[in-house]
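Biologist: I would like to learn how to read this structure feature by feature. Please give me the general idea, then the case.
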Amino acid sequence: MSEDDAGRHGSTGEFRRERSSPVPPDRSTRSGRITVPSATVRRRRNGLLVMSVLSVLVLLASGTSWAITGWMSGSLNRFDVFSGMADGDRPEETGGLTFLVIGSDSRDEMSSEDQNALSVGSVPGQRSDTIMLVRLNHERDHLTVVGIPRDLWVDIPGEGEDKVNAAYAFGGPQLAVQTVESTTGVRIDHYVEVDFNGFVDVVDALDGIEVCLPEAIDDPKARLNMEAGTHQVGGTDALAFARTRATARGDLDRIDRQQQVLSAMFDKALSSQTLSDPGKLTAFLDSSLSSVTVDEGMDTSAINDLAYQMREMDLSNVTFAQVPISDMDHWTPRGDVAVLWDEPAAREMFADINADRPLSEPEAEEQAEEGSEPTPGDVRVRVFNGTATPGLGAQMDNQFAEAGFDVTDQAENWSDRSVPTTEVRYGPKDEELAAYMAEMLPGSETVEDQTLEGDLQVVIGFNHTTFEPPTPVEGAVTEEESQEPAPEKGPATTTAEENICT
């Protein structure tokens, strides 16, 4: 969310949204209290309760009474986004549900103290600072979140070429929807908008979230000075973390951080005490909903339907991606810099989304890997000397390392110094790698060890004579070449589970 002008013109007017203010429920008709299920039950009854900040829909473990769902629905701000949009001018329905999620940078209702505290400036008007396309597939068991750079150069219906975030300034939510639909070819079914205050309140209601940085960020404008590593942050710092563009890839890095923030919120909401404490749950929902605007179709019935359909959803079922980019420094006709997408790759990605095809196919990749011959670089190994001959373990360490194996630690003596036969010990899923290693140690045997996972252990026995390293495969990638990043094929994706700091 920068202070720069979103487009060539100002906003076309102020958007007024009707909002109801029902009282939060504090009693159920049956027991006299809000009933929150056990952690096990909540995990299996994840529902779409609230659309959260900056990115997408926060999936909360619901299972609470319908009274809470009704209160939640009544607390949301609503705007008539889709009226007057002719079906003939829009992409076809495909069976999945697609949400356009907007992070709005409006400061109009913020006090000068809040603007200063959050370091968001005082620029008038309203822009779409964060834009994400969120696709719930036809089976309702997978969510795909695509970050759209705010500076993407597109054709805005009725306005001509401009940055995609200018559509909101020109024509509000409706023109933002029309622009994204015409650009991607994906039909938008629902609209979700969250403002600054909503983000800060939600994070604070969760008692903060954990974020991690591969390298330090120092952004005086956002008042963010954060060292590399893992940090526990409250709402204000989380907002600065999600907004800053003071890194090498600018807006693309920011999209990555926003997706990390969303994943952290997912994880905290699903695993913390928030959902087991009625008071915390009510406070969390109240803070979450107060700054959220949705389309009029997101009524109580629609939310309950989604909650039921998505009851099996968890972090591993949420995939994040970015629009493929071809040029980060495109000079526009008016003399500023915008972003161009990689049109063939982007078209392919959005066609996959429309067809509910996964953006990455890990199962196919695993099958291809399983069918190929292992290489030394695939094997993590630790050596133990099971004989009374000193130095034998260190010698084998060197041989393995020179052959390209990943030696995880220095060799040590085995608990038994009279092992007759060299053993290659492996975990339940690594029998193939163990057999590969055993071929290089004549006379060795493979032994399954249930305590191992991902690593092999070689225990040198008295029958050990030699190590026969594998013959390099013709055309194999060298160690130097392996350090070079491979060209990307399609969008790089991660899951919400992978985005959590560990």
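Modeller: Start with contact: it means heavy atoms within 4.5 Å. By that rule Val323 touches Val146, Gly147, Ile148, Pro149, Trp341, Ala346, Met349 and Phe350, not counting residues up to four places away in sequence.

Biologist: What ground rules apply?
Modeller: This is a predicted model, in which local features need pLDDT of at least 70 and side-chain atom pairs count only at pLDDT 80 or more, while totals for chains, interfaces and linings use all residues. Residues are numbered from 1 along each chain as its sequence is written, and side-chain values use heavy atoms, with hydrogens and water left out.

Biologist: How many residues does the largest nonpolar core have?
Modeller: Terms come before the count. A nonpolar core is a set of buried Ala, Val, Leu, Ile, Met, Phe, Trp, Tyr and Cys residues joined through side-chain atoms within 4.5 Å. Buried means under 20% relative accessible area, exposed over 50%, partly exposed in between (1.4 Å probe, protein chains only). The largest such core here has 34 residues. Those with the most contacts inside it are Leu100, Leu133, Ile148, Val177, Val323 and Phe350.

Biologist: Which elements each supply at least two residues of this core?
Modeller: Helices (H or I, at least four residues) and strands (E, at least two) are DSSP runs, numbered from the N terminus. Among the suppliers are strand S4 (97-104), strand S5 (128-136), helix H4 (166-184) and helix H10 (343-354). The largest share, 8 residues, comes from H4.

Biologist: Which residues of H10 are buried, and which are exposed on the other side?
Modeller: Ala345, Ala346, Met349, Phe350, Asp352 and Ile353 are the buried ones. The arc to check is that of the directions from the helix axis to the C-beta atoms. Down the axis of H10, the buried residues fall within an arc of 150°, so they line one face of the helix. Pro344 and Glu348 are exposed on the other side. Just after H10, Asp356 takes a positive phi of about 60°.

Biologist: How do I read aromatic pairs?
Modeller: A pair of aromatic rings is described by the distance of the centres and the angle of the planes. Rings of Phe, Tyr and Trp (its six-membered ring) pair if their centres lie within 6.5 Å; planes under 30 degrees apart count as stacked, over 60 as edge-to-face and the rest as tilted. This structure holds 6 aromatic pairs. In one of them, the rings of Phe400 and Phe467 have centres 5.0 Å apart and planes at 75°, so the pair is edge-to-face. Phe400 lies in helix H12 (residues 392-402) and Phe467 in the loop between strand S23 (456-460) and helix H14 (479-482), so the pair ties together parts 67 residues apart in sequence. Both Phe400 and Phe467 are buried.

Biologist: Which residues do ring pairs link into a cluster?
Modeller: Phe400, Phe405, Tyr436 and Phe467. Phe405 and Phe467 form an edge-to-face pair, 6.4 Å centre to centre with 65° between the planes. At 5% relative accessibility, Phe405 counts as buried.

Biologist: And strands?
Modeller: In a regular strand the side chains alternate between the two faces of the sheet. From strand S14 (residues 292-295), Val292 and Val294 point one way and Thr293 and Asp295 the other way, and all are buried. Two strands pair if DSSP finds at least two bridges between them. Strand S3 (residues 77-79) and S14 pair in the parallel sense over 3 bridges. Strand S9 (residues 190-194) and S14 pair in the antiparallel sense, also over 3 bridges.

Biologist: Which residues of S14 are the bridge partners of Phe79 and Glu193?
Modeller: Asp295 is the partner of Phe79, and Thr293 that of Glu193.
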